[in-house]
Amino acid sequence: VTWSVGVLFLSTLLLCSADVHHYEFFVRESNFKKMCNTSTLLVVNNSYPGPEIRVHRGDTVFVNVHNRGKYGFTIHWHGVKQPRNPWFDGPEFITQCPIRPRTNFTYKIILSEEIGTLWWHAHSDWTRGSVHGAIVILPAENETYPFPTPDGEQTIILESWYNGNFKKIIDKALAAGTPPPQPDAYAINGHLGDTYGCPTDTIFRMEVDYEKTYLLRIINAAMNEQQFFTIMNHTLTVVAVDASYVRRFKSDYILISPGQTMDVLVSANRNAGQYYMATRPFSDSNVPPVDFITTGIFQYTNFVGGSNASLITLPAMNNTDAMLNFISRIRNTNVTQNPPINVPADTDINRRVFITLAVNDLPCKNSKCVVSDGFAASLNNVSFVYPHIDVLQAYYSRNIRGVFAENFPFLPPEFYDFTGNLTGVVSAVEVGTRAICVNYGDAVEIVLQSTQMGAGGSHPIHLHGYSFYWVGAGFGNFNGETDPSTYNLVDPPLMNTIDVPGTGWVAIRFFANNPGVWYMHCHFERHASWGMSTVLIVRNGSTIETSIRPRPSTMPRCHRT
C-alpha cells in the first residue's frame with residue numbers, strides 16, 4: 001500500500017503528455033562591476049544569476065554543460081528526486097567526478113512529482129555562489145493550480161555577494177585554517193539595491209499592474225545566511241515550499257533558509273506607487289552574519305515617484321519569535337495536485353538515526369596555516385572527507401575499495417547537554433567518508449540535534465534524492481520518550497531542506513523508495529566545506545524497477561581511474 005500510493009500518483013502524471021527539453025550551459029569567467037569594484041566570477045552563459053529552466057511537471061530535461069573555465073565543477077538539480085537516477089544528481093565526488101576544463105557533460109534530469117519552484121547550482125567548493133539559477137515547474141497538461149491562476153509571475157533569487165572569486169575565497173580560508181570572510185553585500189537577482197553607497201549599483205525592479213495578482217518564485221541561494229524577505233505594505237500568501245503545495249497562509253514577511261524555495265502570491269492592491277521589497281539575514285548564532293538590508297522595487301505601472309528607505313520594516317536579525325511564528329505555520333495540504341500524504345507511522349519505522357550537528361576544530365597541518373587548530377564540522381562527530389573517486393561509482397562497481405565505509409554511526413558517540421552548558425565537555429571528532437546504509441522500502445526516521453559546539457546556531461540540512469516529511473521540532477535536547485508524542489503525523493510538510501534551530505532539534509520521516517547514493521549536508525557552505533555532511537545509500541530492491549539505473553557511459557572520468 002505504501003509504495004502503490006506513490007506509483008498511482010506518478011502513473012496519473014504520466015498519462016499527461018510529458019515533453020523533453022534541451023539546454024546548453026556554457027560556463028566561463030566573466031567580469032561584473034558591483035560596489036564600485038570589478039569581480040571575476042564563473043557564471044553560466046555570461047549571466048548572474050544563470051538561465052532559468054522552464055518545464056512542466058513530469059518532463060525530462062537534458063542540459064549540456066560546457067566547461068570553459070579553469071577548474072572542474074559539477075551541477076546539482078536541487079530538489080529534483082531523479083528516480084533511480086543518482087548518476088545525474090551532481091554533487092562532486094558523491095555521484096560523479098568534476099567536469100574538467102575544455103570538456104562537456106550532458107545531464108539527464110527526470111522530473112516526477114515536483115511542482116512549483118526548484119533551482120540548480122554548482123556543487124563543487126563554493127562555485128555555487130555564482131553558478132546558479134531557477135527551475136520553474138509549471139502544472140502538467142490539463143492540471144491547474146490549487147489557487148486562482150496568477151496574472152503574472154516573477155522569480156526572485158536571494159544571493160550573497162563577495163568582491164572576489166568564490167572558489168579563491170574558500171580555498172584561501174581552508175588552507176589557512178581560518179573561517180571564510182563575511183559577504184560584502186546581499187543581492188536580489190544579481191542587483192545590490194540602493195543601500196551600499198555605490199552610485200553605479202543597480203536595483204531590481206518588478207513592474208506590476210494595479211489589482212493584478214503575481215506568483216513570486218523565491219529562492220535562497222545565499223551562501224551562509226537565512227533571509228527574511230518582505231514587500232512593504234503588501235501581504236504575502238505562501239502557497240508552496242520546496243516544490244510542494246502547502247496550506248495557504250498570509251504573512252507580512254517570509255523566512256527562507258539557504259537551499260529552500262517558496263512560492264508566494266502577492267496582489268498589487270495598494271495605492272499606485274513604488275514600494276520597497278527588502279531582504280536581511282536571520283541568525284540565532286553567537287557569530288551572526290553581517291546585518292545588511294538589500295532592496296528592490298515593487299513598482300506599479302506608469303507611476304513616477306520615489307521610495308522612502310526609512311519605511312522598510314523587517315524583523316530584527318536575531319528575532320527568533322518572528323522565525324518561529326513563520327515556520328510553525330507551514331503545513332501540508334490535501335489537494336489533488338500534491339501526492340497523497342503518506343507519512344510513515346510509528347509502527348512502520350524500522351530505521352532510526354539520531355544525528356548531532358557540531359562545529360569542531362582539528363589540527364591544521366597545511367603549510368599555509370596561520371592557526372594551530374583549524375575549523376571542522378561534523379555529524380555524530382564524523383567530519384566528512386571527500387574521496388578522489390565518487391562514492392556512487394565505488395558503490396555501484398563493487399570492485400573499487402577504500403573509497404567509503406558503510407558504518408556511519410546511528411547514534412552520537414556520547415550524550416551530553418547538547419544545547420546547554422558545555423563546560424568540561426571534550427567531544428573528539430574523527431575524519432572519514434562514512435555512509436548511512438538502509439534497505440529499499442525502509443521507513444526511516446532521522447532526528448537532527450543542534451549542539452552548542454562552536455558558535456552554535458541553526459543548520460539548514462538538505463537531503464538529495466528525497467522529499468521528506470518534517471514531523472517534529474523542539475527546543476533543548478531531544479527526548480526519545482516524550483517528544484515523539486508531539487509529532488505532526490497528520491499534515492506535515494514535504495521538504496527537501498529543513499532548518500534545525502540552533503538550540504533545538506527536528507525530526508523527519510520518509511520511505512526509502514529511491515535507490516541510490518544521496519548526499520546529505522548542511523547548506524551553509526562554510527559548514528559543508530568543513531565536513532558537516534554524510535551520504536545516504538539506499539540499497540537496490542528486488543526488481544529492476546526498484547534498482548539504480550545502469551551507469552551511463554558518458555560519466556566524467558575521475559583522475560585516479
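A cavity is, on a 1 Å grid over the protein atoms alone, a set of points where a 1.4 Å probe fits but cannot get out, and its lining residues have an atom within 4 Å of a point. The structure above is a predicted model, in which local features need pLDDT of at least 70, side-chain atom pairs count only at pLDDT 80 or more, and totals for chains, interfaces and linings use all residues. Residues are numbered from 1 along each chain as its sequence is written, and side-chain values use heavy atoms, with hydrogens and water left out.

**Exercise 1. Cavities**

Task: State how many cavities of 30 Å³ or more the structure holds, and describe the lining of the second largest cavity by class.

Solution. 
Step 1. The search of the whole structure gives 3 cavities of 30 Å³ or more. A volume is the space filled by probe spheres set on the grid points, which are joined across faces, edges and corners.
Step 2. The largest cavity has a volume of about 100 Å³. Among its 13 lining residues, Ser257, Gln260, Ile327, Ile330 and Asp499 are the closest to its centre.
Step 3. The volume of the second largest cavity is about 80 Å³. Its lining includes Arg57, Lys81, Glu113, Glu114, Asp242 and Ala243.
Step 4. For the classes, Ala, Val, Leu, Ile, Met, Phe, Trp, Tyr, Cys and Pro count as nonpolar, Asp, Glu, Lys and Arg as charged, and the others, Gly among them, as polar.

**Exercise 2. Backbone details**

Task: Locate Ala243 and Asn380, and decide whether each is buried or exposed.

Solution. 
Step 1. Strands (E, at least two residues) and helices (H or I, at least four) are DSSP runs, numbered from the N terminus. Ala243 lies in the loop between strand E14 (236–241) and strand E15 (244–251). Asn380 lies in the loop between strand E21 (373–379) and strand E22 (382–384).
Step 2. Phi is near 60° in Ala243, a positive value in a residue other than glycine. For Asn380, also a residue other than glycine, phi is positive and near 50°.
Step 3. Buried means under 20% relative accessible area, exposed over 50%, and partly exposed in between (1.4 Å probe, protein chains only). Ala243 is buried, because its relative accessible area is 9%. Asn380, at 1%, is therefore buried as well.

**Exercise 3. Arg54 and its surroundings**

Task: Describe the position of Arg54 in the chain and its separation from Val136.

Solution. 
Step 1. Arg54 belongs to strand E3 (residues 53–56). The loop between strand E2 (37–44) and E3 contains Pro49, which a cis peptide bond joins to Tyr48, with omega about -5°.
Step 2. Arg54 counts as partly exposed because its relative accessibility is 34%.
Step 3. Although Arg54 and Val136 are 82 residues apart along the chain, their C-alpha atoms are separated by 4.8 Å.

**Exercise 4. Charges over rings**

Task: Which rings have the charged end of Lys167 or Arg526 over them?

Solution. 
Step 1. A charge sits over a ring if NZ of Lys or CZ of Arg is within 6 Å of the ring centre and within 35 degrees of the ring normal.
Step 2. The charged end of Lys167 sits over the ring of Tyr71, at 5.1 Å from its centre.
Step 3. Arg526 lies over the face of Phe524, 5.3 Å from the ring centre.

Definitions and conventions: 1 Å grid on protein atoms, 1.4 Å probe; cavity = no way out; pocket = protein on both sides within 12 Å on 5 of 7 lines; lining within 4 Å.
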